[in-house]
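User: Hi! I would like to learn how to read a structure like this one, so please take me through it one question at a time.

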Amino acid sequence: MGKVIVVTSGKGGVGKTTSTANLGTALALIGKTVAVVDADVGLRNLDVVMGLESRIIYTSMDVIEKQCELQKALVRDRRVEGLMLLAASQKNDKDDIQPEQMKSICQRLTVNYDFVLVDSPAGIERGFQNAAAGAEEAIIVTTPDVSAIRDADRIIGLLQNARVEPINLVLNRFSPDLVKSGNMLDKSDVLDILNIELLGIIPEDEAVIASTNRGIPLVHSTSSSAAQAYMRIARRLSGQQIPIPDLHAKNFFSGIMEWFSRKR
Amino acid sequence: MNFMQLFGRKSKSSTIAKQRLKLVITQDRFDVDEQLVTRLTHDLAEVLAKYFEFSMNSVQMSLKKAQDGNSYILVADFPYKKATKHPSIKG
């Protein structure tokens with residue numbers, strides 16, 4: 001039996017979908033079987049971020065309405081063994097699905113997949129409640145800024161009340177340079193405020209934009225620092241003890257090294 | 001505004017962010033009245049000011065979940081410089 005993990009944040013635009021796509025792919029790359037589920041009904045995006053948009057035939061709505069079998073609604077990612085996507089319906093809205101229905105889909109997926117990652121919509125309303133309904137665990141994605149952290153705290157409270165445990169943190173778009181200059185909250189500040197376990201830190205990385213443009217999750221190449229960070233998180237999720245490295249601000253020499261190694 | 005604020009280095013924006021966040025999150029975690037913490041802070045300050053000298057800017061209120069997971073612990077930090085010389089209880 002696999003486990004269901006909801007990837008959520010409260011605030012939009014902090015990297016839930018990017019994180020779901022990359023963690024799902026990364027887990028498959030290390031040999032796990034994975035189903036990623038888009039729970040953002042009406043505003044689906046996990047399919048385009050993963051580059052699978054042209055292959056969606058059925059959605060979770062079709063499964064709920066018994067128009068098709070669950071297994072048939074899953075789109076296989078041909079680039080890696082063991083990775084499937086269940087898309088959300090774009091024509092419906094969040095109130096067309098009941099939390100119990102999402103829960104049932106997630107539970108059925110755990111029979112065949114080690115990990116079921118549910119990409120939650122932003123907000124605390126029905127869409128989030130549907131996404132969290134079947135989750136045993138949660139990954140909170142936040143960036144180190146006040147609005148994202150405040151919203152993350154709200155979501156953590158709701159998940160704790162729903163007895164989702166553990167709730168782990170992915171700190172996204174982290175910039176050691178900004179921390180050094182005193183203009184970004186440090187890892188310890190964020191953990192002090194949110195008071196949950198840190199699962200990993202994703203450095204701010206331009207490679208994320210190019211990867212989304214192409215529809216190829218970053219982790220297919222390990223050249224970017226963000227991809228390496230996602231790979232480490234996937235290993236931690238699969239139970240390996242991988243320390244979280246401290247990210248350091250650029251100095252003169254590392255700046256030069258980066259300039260030379262950058263793809264032009 | 002004191003000397004340091006006028007001529008010294010400005011506070012780091014990350015420090016300000018952390019202070020502001022701690023306050024709003026404390027308020028958010030009280031799911032009753034949003035203004036409760038603000039009013040409580042002022043009421044507490046009014047009482048404590050009779051005994052200690054402190055700056056309102058340094059006051060921090062926070063709410064922590066207790067070990068049992070069901071109750072909360074309200075922590076009020078009033079860093080004071082010194083005790084008031086002649087405490088008088090009015091009213």
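User: Where in chain A does Asn195(A) lie?
Analyst: Helices (H or I, at least four residues) and strands (E, at least two) are DSSP runs, numbered from the N terminus. With those labels, Asn195(A) is found in the loop between helix 9 and strand 8 of chain A.

User: What kind of model is this?
Analyst: Residues are numbered from 1 along each chain as its sequence is written, while chains are lettered from A and ligands numbered from 1 in the order in which they are written. Side-chain values use heavy atoms, leaving out hydrogens and water; local features need pLDDT of at least 70, side-chain atom pairs count only at pLDDT 80 or more, and totals for chains, interfaces and linings use all residues, this being a predicted model.

User: Is Asn195(A) buried or exposed?
Analyst: Buried means under 20% relative accessible area, exposed over 50%, and partly exposed in between (1.4 Å probe, protein chains only). Asn195(A) has a phi near 60°, a positive value in a residue other than glycine. Its relative accessible area is 62%, so Asn195(A) is exposed.

User: Which class of accessibility does Arg173(A) fall into?
Analyst: Arg173(A) lies in strand 7 of chain A. Its phi is near 55°, which is again a positive value in a residue other than glycine. Since its relative accessibility is 42%, Arg173(A) counts as partly exposed.

User: What is the geometry of the peptide bond from Glu165(A) to Pro166(A)?
Analyst: Pro166(A) sits in the loop between helix 7 (146-161) and strand 7 of chain A. With omega near 0°, the bond that reaches Pro166(A) from Glu165(A) is cis.

User: Which strands of chain A stand at the edges of the sheet?
Analyst: Two strands pair if DSSP finds at least two bridges between them. Eight strands of chain A form an open sheet with mixed pairing, in the order 3-4-2-5-1-6-7-8. Two of them have a single partner strand each, so one side of each is left without a neighbour in the sheet: strand 3 (75-76) and strand 8 (197-203).

User: Which residue is the bridge partner of Val37(A) in strand 4 of chain A?
Analyst: Strand 2 (residues 34-38) and strand 4 (residues 83-86) of chain A run parallel and are joined by four bridges. Within strand 4 of chain A, the partner of Val37(A) is Leu86(A).

User: How many residues of strand 6 of chain A are buried?
Analyst: In a regular strand the side chains alternate between the two faces of the sheet. Strand 6 of chain A has Glu137(A), Ile139(A) and Val141(A) buried on one side, and Ala138(A), Ile140(A) and Thr142(A) buried on the other. Strand 6 of chain A is therefore largely enclosed by the rest of the structure, and its buried residues number six of the six.

User: Which residue of strand 7 of chain A stands opposite Ile139(A)?
Analyst: Strand 6 of chain A pairs with strand 1 of chain A in the parallel sense over four bridges. With strand 7 of chain A, strand 6 of chain A also pairs in the parallel sense, over five bridges. There, the residue opposite Ile139(A) is Asn168(A).

User: What is the handedness of the crossing of helix 5 of chain A and helix 6 of chain A?
Analyst: Axes are lines fitted to C-alpha atoms, for helices over the stretch in contact, with angles from 0 to 180 degrees between N-to-C directions. The axes of helix 5 (residues 99-109) and helix 6 (residues 126-133) of chain A come within 7 Å and cross at roughly 35°. A crossing is left-handed if the near helix is turned anticlockwise from the far one by less than a right angle, and right-handed if clockwise. For this pair, the crossing is right-handed.

User: Which residues is Ser14(B) in contact with, leaving aside its neighbours within four places in sequence?
Analyst: Ser14(B) belongs to helix 2 (residues 13-29) of chain B, and its 10% relative accessibility means that it counts as buried. Contact means heavy atoms within 4.5 Å. By that rule, Ser14(B) touches Gly182(A), Asn183(A), Met184(A) and Leu185(A).

User: How far apart are the end C-alpha atoms of helix 3 of chain B?
Analyst: The expected span of a helix is 1.5 Å times one less than its number of residues. For the 13 residues of helix 3 (residues 36-48) of chain B that should give 18 Å, and the distance between the end C-alpha atoms agrees: 18 Å.
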